[in-house]
Amino acid sequence: MKKNCVGCHNAKVQSGDVNLSAAHNFDGDRELWERVTAKLKSGEMPPQGAPRPPAPEINAVTRWLDGEFLRQDRATKPDAGRPTARRLNRSEYNNSVRDLLGVDIRPTENFPQDESAFGFDNIGEALNLSPVLLEKYVDAAERVVRTAIFGPEKLKPANIHYSAPVRLNELLTNDTKGRPLTPEQVKDYDLSGLSTRHAAHFLHRFPVDAEYNFRLVLNGHRPNQSEPVNPAFWVDGVKIKDWMVDATDLEGQIVEVRAAVKAGEHLLSMSYLRNYHGLPASYNGPEPSNRKAEPLIGTRGKLTEKDIETLRKYGTKIKTDRVETRIDNRWESLDIGGPFNQTGGPSKGVFVCATKDTPCARQIVASFAARAFRRPVTTTEVNEFVSFYHLTRKQGDSFEEGVATALQAVLVSPNFLFRLERDPLVKAAGADQPVNQYELAARLSYFLWSSTPDAVLLRLAAANQLRQPAVLTAQVQRMLKDPKSRALVENFAGQWLQFKNIDVMKPDLERFKDFDESLRYAMRRETELFLNNIVSQDGNVLDILDADYTYLNERLARNYGIPGITGPEFRRVDMSKNPRGGGILAHGSILTISSYSTRTSPVLRGKWILENLLNAPPPPPPPSVPALDDTKVGQSASLRQQMEAHRKSPACASCHSKMDPLGFGLENFDAVGAWRDVDGKFPVDASGALPGNRLFHGPVELKKLLKDDRAAFVRGMTDKLFTYALGRGLERYDRALVAGIADKLPAQNYRFSQLVVEIVKSYPFQMRRRGNLTAARLGETNP
Amino acid sequence: MTYLTGKHISRRALIGGAISLPLLDSMRPAMAAPAKGGGQARRVAVVYVPNGIIMNDWTPKGTGADFEFSRILKPLAPFKSDINIVGNLTNPVAGKAKGGGHAKASGSFLSASEPKYTVGSDVHAGLTFDQLAARKFAAETRVASLQLGCEDSRMVGNCDTGSSCAYTNSISWKDADTPMMVEVNPRSVFERLFGNIDPSLSPEVRARRALYRRSILDRSLESTQKLVSTLGPTDRRKIDEYLTSLREVEKRIELAEKDTEVPPLEKPSGIPFQFADYVKLMFDLQAIAFQSDLTRVSTMMIGREGSVRTYPEIGVPDPHHPLTHHRGHPDFIEKVTKINCFHVELFAYFLDKLKNTPDGDGSLLDHSTILYGGAISDGNQHSYVNLPLLVAGQAGGQRGGRFVMAPEKTPVANLFVNMLDRVGVATETFGDSTGRLDLNA
């Protein structure tokens with residue numbers, strides 16, 4: 001050290017703000033020494049040009065340092081961590097009221113965004129409660145309680161208008177990359193039209209169960225001499241109706257259908273069935289039309305009198321300028337009218353008695369409050385809520401109104417909005433103690449379901465049995481199998497792997513003419529189904545790194561270029577023979593969120609892998625980093641050549657030599673996850689080397705190598721899942737625990753449930769650090 | 001050869017067609033309110049643009065009253081007498097701070113305090129000057145302040161190389177530890193301003209429901225106060241926050257019950273498809289909020305710092321942020337300038353609206369002070385000196401019409417002190433200010 005490091009990192013020079021000559025206190029300067037170890041391992045230090053000791057010497061130093069860290073971690077006592085009352089975040093609130101009242105109206109949709117920290121939005125410390133949010137809670141309590149007691153709010157029919165997204169014109173005889181289609185390809189298209197560029201898709205949230213009127217306004221122009229077009233309308237990939245429209249000029253043509261739809265989010269699609277069928281013979285399409293030709297008019301120059309007459313007669317439009325012809329809309333709009341004939345009544349289960357008198361009201365309120373507070377309630381508490389029932393009755397309102405007011409009061413209480421864990425009145429301040437059984441039930445259910453404990457958990461808590469190891473394990477298994485464990489995919493994995501961001505990505509319309517809502521939806525579904533399988537079927541977590549299967553429908557399969565998959569429904573597909581392979585790195589969602597809107601970025605993808613899969617986030621770049629010249633990519637030099645030039649700078653090389661090869665291995669996937677062999681004018685070179693001179697060619701080989709780094713992956717995943725489970729950032733005293741849990745996984749065949757069970761049984765999940773109760777009671781403690 | 005021919009939608013229809021909402025003058029008698037504390041109400045607003053500006057195309061030629069509008073600022077020429085362009089202001093804090101180049105710019109901008117370098121829950125910067133004003137006006141308006149944004153803030157993870165998303169998603173901070181999330185949905189802004197009352201209910205039913213709500217809040221306040229004393233310190237801090245919010249909501253309900261007017265515009269259904277329409281709608285909502293004296297403070301982020309929005313409608317299909325690292329490439333610079341121009345055009349819409357809305361003895365613009373600009377000058381280098389800034393409005397006797405060259409390296413906080421002064425919030429210092437930058441001098 002003295003010989004090779006202290007020359008720059010000393011009290012006088014302090015390169016990079018690091019002074020190693022003063023850092024004698026190994027325990028106190030742990031973070032500094034961890035940085036040193038990382039730099040030594042990566043080969044960033046000593047820098048290029050400085051004398052470098054032989055590798056065995058460096059290895060000896062890092063091995064010794066690692067050993068010291070381990071020794072330290074083992075010597076550190078486990079600690080429950082700082083307790084903080086956790087406010088329910090948006091999805092926890094939605095799910096809790098759903099499970100308490102049977103009302104799935106997701107009232108938090110227009111709540112302010114929850115604050116997040118350490119990559120998650122369930123961190124107690126970070127979650128604030130602003131006046132705006134409290135006002136929303138008051139509104140939401142009224143809405144959900146009234147919906148439960150009186151049935152869904154009776155909504156007046158209204159119209160919602162969606163303009164069809166603008167599609168830019170591309171020769172339809174070409175594929176999306178501009179390559180001409182072969183005659184076979186012309187005939188091989190999605191007959192349903194759902195995957196073609198003539199489709200328009202909208203993700204719409206319906207407020208209530210009811211009938212809705214769908215008015216589809218067509219646009220575009222069918223060539224002279226064609227058979228009638230066959231527009232159709234789908235909800236969630238299920239065809240509701242199709243029509244025959246015999247017109248050349250489709251602009252403003254209207255078709256309508258009324259259909260019953262359940263409340264919630266649905267994918268609405270409109271497209272043309274058999275769109276390439278029935279065209280004039282000259283188009284070489286399938287089943288050509290043999291209709292007679294109508295008179296044509298010129299597409300250049302001024303209109304003649306005769307042209308105008310033809311126009312009047314046939315309603316034919318002509319192209320007038322370049323800008324306009326680039327727009328290629330087959331649809332004008334979709335209008336949704338409704339709701340009509342609203343269905344759905346009060347939810348069952350609120351009225352646990354039927355006598356409509358005060359004792360019954362009391363019974364309803366008491367049982368609801370206990371479930372909402374996730375613990376037994378005191379008589380004082382029940383009395384307080386029942387007083388709202390009396391207040392309402394005194395105003396002349398009905399029994400149901402009285403109950404409604406009382407339940408609303410329960411839902412704005414901090415005992416519901418926060419997960420409060422109470423200190424018992426004994427024991428010394430500062431000591432750790434087990435959380436009580438009810439608190440454990442809540443920790444479990446908010447961890448695995450993002451929701452309130454169900455009757456089974458509460459019963460086990462009441463019987464004091466939940467903490468028994470066998471019971472706990474069985475409950476975890478049960479909860480993961482329950483459909484509510486989808487919350488773990490959405491909230492944990494959605495934030496850990498950031499695939500939730502697919503909802504806000506905006507790939508460039510000019511370059512990715514195919515990208516639309518249906519593809520976005522399909523990408524999200526693929527990842528959700530894949531991860532949901534691991535969670536609910538107790539899969540192997542290494543599948544995330546690399547797997548031989550995925551979930552596809554026709555839309556997504558066509559984007560990936562995988563033949564033989566028809567229809568909008570998803571199915572499990574064997575990927576072992578496909579050059580894409582499986583695992584999360586072959587998912588369109590991940591490939592899109594780690595790209596720019598116009599192009600791929602090996603740097604972003606490499607960074608994504610290091611941060612999320614290998615638990616090795618790269619440090620920030622130096623200021624005024626030169627960026628890549630987009631316009632030149634694929635033109636004067638390949639992206640790869642340009643980046644290699646960029647990496648010549650030693651300042652950049654230290655990190656980019658780690659990030660870029662990972663990203664290059666995925667270069668066969670474009671910025672929306674479609675397969676490609678060329679980028680611009682250049683063939684894709686998806687080869688590279690990982691540290692240790694491990695060479696690979698293409699994504700499948702890259703993923704095989706990543707599986708070698710499984711220890712880092714499992715460690716990183718454990719770290720994230722632990723953070724999410726505890727709702728706090730991890731501290732140094734947690735490290736030995738994380739390492740211990742991660743180390744147990746290989747013997748458990750990397751099963752997801754084992755990871756969860758270990759976390760649930762861990763010290764900080766079971767324990768709580770006591771606050772300074774006495775002082776707080778005396779009102780002397782300042783936060 | 002095409003199989004189907006696309007129909008004509010003119011370019012104009014795609015980018016134009018703003019659905020601007022008129023401020024109906026017939027509504028005014030009920031709405032327009034002199035300041036409740038007596039005298040003329042004054043407003044303060046900030047309109048923020050991200051990723052720096054092409055300064056060559058921003059900086060006017062000449063100084064003082066005798067300057068020539070630059071290419072980017074040209075749309076503001078009709079408002080010359082209402083604005084001052086301010087040169088040479090610097091954000092020294094951003095220069096010194098650690099963290100991502102964008103995070104420390106927006107994270108320190110309006111507070112002139114250093115944002116702590118963290119991705120954790122311990123975000124820390126400073127009270128921002130708009131919020132200092134909001135504290136002062138809070139008692140007089142229904143809504144203390146608005147924080148608006150025109151870009152989805154749902155991104156998760158760390159936003160700028162190890163700096164929390166809080167620094168790039170928000171520019172207003174309620175105090176040093178509390179960034180204020182921007183509201184991006186016009187519908188929610190509307191509900192925030194006008195409440196979520198069901199007009200189909202009879203007045204009697206509404207009154208009873210209001211009574212129940214009030215008593216729920218009252219009782220919650222009482223029982224929670226009792227609860228607090230039994231909690232440990234960290235839990236207690238969270239529950240104190242609940243109590244503070246509860247009191248504020250009670251106060252707001254009280255104020256809302258006094259106003260029974262009908263909102264002067266329809267409830268927006270959501271986020272308009274075209275970006276220009278979206279931004280204009282957000283400006284409309286701010287103008288209405290000022291006009292009705294529902295709030296006197298607003299900040300709006302046209303984009304979050306580091307924004308990768310594309311602008312195909314103006315011929316820029318490339319993401320904004322990577323473009324700004326242009327390394328002198330003329331095509332990139334041209335595209336960034338186009339984006340800068342587009343934003344200023346939209347801002348001109350706001351000024352136009354304010355100028356044409358009567359207020360007291362003049363217009364809304366006469367009684368406002370509005371900062372437009374960003375926390376980065378040259379986006380290529382992440383430069384925090386000579387920031388692109390201008391101040392519009394004549395609140396508190398501010399005169400306009402000049403390109404004011406501040407002494408070199410004047411902290412931008414000196415301008416905030418002046419703006420606060422113009423709206424009647426006297427302060428000697430703010431953040432790292434070294435004095436007051438008087439634009440009339």
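**Burial and sheets, term by term**

Tutor: Gladly! In chain B, 55% of the 441 residues are buried. This is a predicted model, in which local features need pLDDT of at least 70 and side-chain atom pairs count only at pLDDT 80 or more, while totals for chains, interfaces and linings use all residues. Residues are numbered from 1 along each chain as its sequence is written, with chains lettered from A and ligands numbered from 1 in the order in which they are written.

Student: What makes a residue buried?

Tutor: Its C-beta atom, placed from the backbone, has 20 or more other C-beta atoms within 10 Å; 12 or fewer means exposed, and in between is partly exposed.

Student: How do you know which strands of chain B form a sheet?

Tutor: Two strands pair if DSSP finds at least two bridges between them. Strands β1 (residues 43–48) and β9 (residues 368–373) of chain B are joined by six bridges, so they count as paired, and they run parallel. B:Tyr48, for example, stands opposite B:Gly373 in β9(B). The open sheet has seven strands in the order β3-β6-β1-β9-β10-β2-β11 (chain B), with mixed pairing.

Student: Why are β3 and β11 of chain B called edge strands?

Tutor: Because β3 (146–149) and β11 (402–411) of chain B each pair on one side only.

How values were computed:
Helices (H or I, at least four residues) and strands (E, at least two) are DSSP runs, numbered from the N terminus.
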